[in-house]
Amino acid sequence: WYQQEILSLVMRVYCEDQRMDELEWYFPSAIDDATKCKEDLQGETPTPSTYRKSSFEKLITFLVGELKENDYVIQGPVLKPLQSLFNKMFIRRGQTCVSVIGDMTRATLLVKDEEDLRGVVKRIVEAFPGISGEFQCPNKIGMDMFLHQVFKMKKIPGTDIIPYRFKPNSSQKKRMGKGKPPLYYNFNFFDGIPEYHQVGSTEMFVAFELQIGLEAEVNGLRKNHLSYEEGRILTSQPLLKTYKESQEKSNEVDASTASAPSFLTEDHDDFKLISSVLEGNFANWKHRELGKKVIAGDGTASIAPEKLCLNNKRLNIWANQDKAVVLDGPFKLDPSKMYSVDSVSLKIAMRISGISVGLFAFFGPYMVQISAL
């Protein structure tokens with residue numbers, strides 16, 4: 001159960017960003033997403049959409065200010081690989097604020113001179129006071145407060161980029177412990193909206209990251225990146241670490257044919273616990289039907305949506321192009337009750353081709369799409 005939810009969510013998040021350029025005909029589909037992911041896994045991870053590249057270009061233009069082109073190097077942006085996305089959302093869950101994927105697409109700004117790097121850092125801190133403080137994730141302050149917090153955040157001038165966190169890279173802890181200023185930073189931002197996805201009971205917000213650092217420092221750190229990543233994974237998965245060590249000791253080269261170590265048999269308590277969680281031991285979690293509510297709207301004058309949609313970015317673009325309208329509503333529901341959509345229908349007085357109709361709900365200062373026809 002849990003594995004299926006995370007896998008579906010990974011594919012949804014990945015494909016939503018990949019297909020941002022396909023505005024005219026693409027609609028989210030689990031089957032299409034799976035096909036796209038399979039193709040990308042068999043080949044190389046593709047480059048991000050033109051839409052996403054443009055956002056990074058605008059951000060970097062703002063940050064470098066009056067620096068000359070030969071004063072810095074830009075690497076990326078690159079899309080987070082499917083394997084890495086699954087690692088963060090499943091294997092390393094609980095290690096970070098997993099309710100926000102902060103680096104769905106990442107680029108690196110390498111500054112050649114340390115003084116110029118300090119200038120970029122100063123520009124960020126002066127433009128966005130308080131950005132270096134602790135960012136409050138939705139799983140800490142609640143969904144409603146989180147959305148209102150982001151809604152009020154300042155944007156990069158002339159863009160829809162919403163910076164929300166600026167902090168030294170974790171690789172700088174030893175340097176900072178010696179009283180030296182960091183040379184490598186992570187700058188995280190939302191692009192227009194705090195993009196939201198939900199599969200089952202698992203929810204996720206998507207953001208993006210620009211890493212900013214001194215070129216010599218970053219190049220030196222990357223030589224040890226693979227071992228660093230392996231260490232983070234094994235720290236969060238002690239059973240996996242023990243299994244790996246047991247295989248190394250027994251010189252088992254082919255892990256695919258190795259049998260499970262004796263400490264993790266089907267009778268082991270940890271095995272039972274892990275299995276019950278992953279398979280979904282929720283037999284008693286059943287919702288009782290307490291009646292049905294039928295909403296028969298009369299339609300309304302066609303008006304553009306007033307709120308941005310968190311899980312359908314195409315709708316926001318269409319609304320800005322006068323291609324999206326509200327057909328009916330809003331309708332009031334009891335916020336203390338749980339609802340599920342049984343069916344949605346509408347009547348059209350004329351033949352129309354190429355129409356997309358959805359049911360939406362207000363979500364703090366934003367809205368989310370619940371279902372689509």
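β6 and strand β7, residues 202-206, run antiparallel and share 5 bridges. Within that pairing, Glu195 sits opposite Val206 of β7. Bear in mind that this is a predicted model.

Now the sheet around that pair. It is open, has 3 strands, and reads β2-β7-β6, with mixed pairing. Which strands stand at the edges? β2 and β6, the latter spanning 195-199. Each has a single partner strand, so one side of each has no neighbour in the sheet.

Next, the other sheet. This one is also open, with 5 strands in the order β1-β3-β8-β5-β4 and mixed pairing. Its edge strands are β1 (72-79) and β4 (161-168), and each pairs on one side only. From one strand to the next, the twist averages 20 degrees.

Look at β5 and β8 in that sheet. Strand β5 covers residues 184-191, strand β8 covers 208-214, and they pair antiparallel over 6 bridges. Asn188 has Glu209 in β8 as its bridge partner. What packs on the sheet? Helix α5, residues 114-127. α5 touches β3, β4, β5 and β8, and its direction makes about 145 degrees with that of β8.

On to the interior. In soluble globular proteins, nonpolar side chains tend to be buried together. Here, the largest nonpolar core has 45 residues. Met104, Phe187, Leu210 and Ile212 touch the most other members. Helix α1, residues 2-18, gives the most to this core, with 7 residues. Apart from that core lies another, of 17 residues, with Val100, Val150, Ile162 and Tyr164 among them.

Take Phe187 in detail. Leaving aside residues up to four places away in sequence, its contacts include Leu59, Ile124, Ile131, Pro163 and Phe166. Phe187 also touches Arg165 and Glu209, as well as Phe208, Leu210 and Ile212.

Now helix α7, residues 143-151. Which of its residues are buried? Phe146, Leu147 and Val150. Down the axis of α7, these buried residues fall within an arc of 95 degrees, so they line one face of the helix. Val150 is also one of the residues in the 17-residue core.

Last stop, Asp103. This residue lies in the loop between β2 (100-101) and β3 (105-111). Is Asp103 buried or exposed? Its relative accessibility is 4%, and the cut-off for buried is under 20%. Asp103 therefore counts as buried. Which side chain does it meet? The side chain of Asp103 makes a polar contact with that of Arg106, at 2.6 Å.

Key
Residues are numbered from 1 along each chain as its sequence is written. This is a predicted model: local features need pLDDT of at least 70, side-chain atom pairs count only at pLDDT 80 or more; totals for chains, interfaces and linings use all residues. Side-chain values use heavy atoms; hydrogens and water are left out. Helices (H or I, at least four residues) and strands (E, at least two) are DSSP runs, numbered from the N terminus. Buried means under 20% relative accessible area, exposed over 50%, partly exposed in between (1.4 Å probe, protein chains only). A polar contact is a pair of N or O atoms within 3.5 Å; within protein, one must be able to donate a hydrogen and the other to accept it, and residues adjacent in sequence count only if both atoms are side-chain atoms. A nonpolar core is a set of buried Ala, Val, Leu, Ile, Met, Phe, Trp, Tyr and Cys residues joined through side-chain atoms within 4.5 Å. Contact means heavy atoms within 4.5 Å. Two strands pair if DSSP finds at least two bridges between them. Axes are lines fitted to C-alpha atoms, for helices over the stretch in contact, and angles run from 0 to 180 degrees between N-to-C directions. The arc is that of the directions from the helix axis to the C-beta atoms.
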